[in-house]
Amino acid sequence: MDASPTHPNLRRDLRAIVGDGIAFSVMVGIGEAYLPAFALAAGLGELTSGLISTLPMLAGAVFQLVTPAACRRLGSHRRWVVLCAVLQAASFVPLIAAALVGTVPLSLLYLSAAAYWGFGMATSPAWNTWVGTLVPASQRARFFAARTRACQAAVLVGLLAGGLLLETDGRGRDSLVVFAGLFGVGALARLLSARFLARQSEPRPIPLGVTRASPRAFLAHGREGGHGRLLLFLLAFQLSVWIAAAWFTPYMLRVLGLSYLEFTILTGVAFLARVVALPLLGRLAHRAGPRQLLWLGGLGIVPLPSLWLVSDAYAWLVVLQMLSGVAWAAFELATLLSFFEHIPEASRTSVLSMYNLANAAALVGGSLIGAHLIDSLPGEGAYVAVFLLSSAARVLALPLLRGVPDVAVSGPPPPLRELSVRPSVGAIERPILAALPDDDERTAG
């Protein structure tokens with residue numbers, strides 16, 4: 001299913017794939033990343049600010065399961081991906097209107113966020129299948145690595161631009177107008193992304209059965225090579241992490257009273273630390289193996305929420321965010337190398353789709369535990385309890401790593417696609433399946 005290097009539209013397709021990635025990343029940085037802060041500015045409270053970062057992701061993970069049927073109905077992967085991209089852009093429109101009016105109904109916020117994640121994640125299975133037919137196998141590793149770097153820069157630019165624009169307007173009622181502007185830019189960026197997607201070719205029909213979400217394939221991968229135990233650890237660890245992770249935006253903006261610019265800088269530091277550390281950690285994975293890297297990342301992540309209680313000095317928080325970015329880079333890279341890279345080609349889309357669903361359920365479960373404490377305990381003490389409980393739960397999850405086998409690393413770290421930016425973890429990312437080595441390359445390596 002590889003595209004021919006002599007395909008007449010190859011150069012145009014490659015440019016459009018990069019353009020789509022950059023525009024999509026601007027939307028992530030300037031739009032979705034500020035939804036929890038928007039909930040606070042709209043007066044919807046700290047519970048909403050935390051849960052808006054997790055609950056809609058579960059809706060998206062469920063909705064992505066309709067992609068195979070939708071592609072068959074439309075007879076095209078490109079049509080489905082472009083349609084979903086346009087509808088994802090449209091999900092910002094109700095938020096823009098509500099922000100301009102000055103009243104944001106709670107139901108509208110959740111529905112818009114659910115639509116954003118639903119249409120966004122619904123593109124993933126079809127896009128991963130489709131883009132694999134456009135980029136020649138001999139160019140994929142280099143091309144997607146370069147594309148990822150451009151996308152990471154675009155996320156950071158969008159994030160910093162949003163923080164600077166919010167800072168200029170302070171915390172008054174007019175800040176909602178600024179949020180409307182951010183979401184407007186996000187919507188336009190996604191529409192531009194959809195335009196780039198529409199310009200890419202679909203030179204021959206892709207077998208529609210290739211894009212699927214099969215629980216059977218997911219369970220089969222879990223039964224092989226210790227992947228089931230690894231998956232159990234990953235889900236348990238994510239649940240423990242998100243007991244606290246969902247609540248850092250309200251903690252930073254409300255409890256610590258940080259300005260929007262200070263909040264943005266801390267978020268950007270964690271994201272940038274991930275990006276800078278990844279190549280170095282890739283070399284470490286070659287020498288020590290992904291299992292050791294997973295232990296290293298997990299141990300680094302365990303104390304992070306508790307360390308926020310040591311001091312609220314801004315320099316200390318910057319250091320913590322740098323450590324967080326490095327630890328999460330190690331954890332995510334090891335996860336990718338241990339779990340995703342060794343999935344047979346035919347099962348990759350199914351395994352990623354079902355993993356997204358299971359992972360989203362773990363995120364929601366953790367955030368609901370944190371929400372119960374935030375709602376039950378008074379004031380700052382609720383955050384103390386949430387952060388300490390999250391660290392303790394992370395410690396309890398670590399023993400599940402015992403017995404997880406190590407795997408060989410044969411090449412550079414596979415590129416990732418940023419889906420979201422979060423102050424506590426830096427980013428939520430997923431692998432670009434088309435850039436993973438095929439079965440023959442993995443066997444040869």
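## Aromatic pairs

A search of the whole structure, which is a predicted model, identifies 19 aromatic pairs. One of them joins Phe 179 and Phe 183: the ring centres are 6.2 Å apart and the planes meet at 35°, so this pair is classed as tilted.

Phe 179 has 0% relative accessibility and counts as buried. Phe 183 is likewise buried, at 0% relative accessibility.

## A link between two helices

Phe 179 also pairs with Tyr 260. Their ring centres lie 6.0 Å apart with the planes at 80°, so the arrangement is edge-to-face. This pair connects distant parts of the chain, since Phe 179 is in helix α10 and Tyr 260 is in helix α14 (residues 260–288), 81 residues apart. Tyr 260 is buried, its relative accessible area being 5%.

## The aromatic cluster

Phe 179, Phe 183 and Tyr 260 are part of one aromatic cluster, which also contains Phe 38, Phe 92, Tyr 116 and Trp 117.

## A charge over two rings

Which rings have the charged end of Arg 417 over them? Arg 417 lies over the face of Phe 24, at 4.8 Å from the ring centre. The charged end of Arg 417 is also placed over the ring of Trp 127, 4.7 Å from the centre of that ring.

Notes
Residues numbered from 1 in each chain as written. Predicted model: local features only at pLDDT ≥ 70, side-chain atom pairs only at ≥ 80, totals over all residues. Heavy atoms only, no water. Phe/Tyr/Trp six-rings, centres within 6.5 Å; stacked < 30°, edge-to-face > 60°. Buried < 20%, exposed > 50% of the residue type's maximum accessible area, 1.4 Å probe, protein only. Helix = DSSP H or I, 4+ residues; strand = E, 2+ residues; numbered from the N terminus. Lys NZ or Arg CZ within 6 Å of the ring centre and 35° of its normal.
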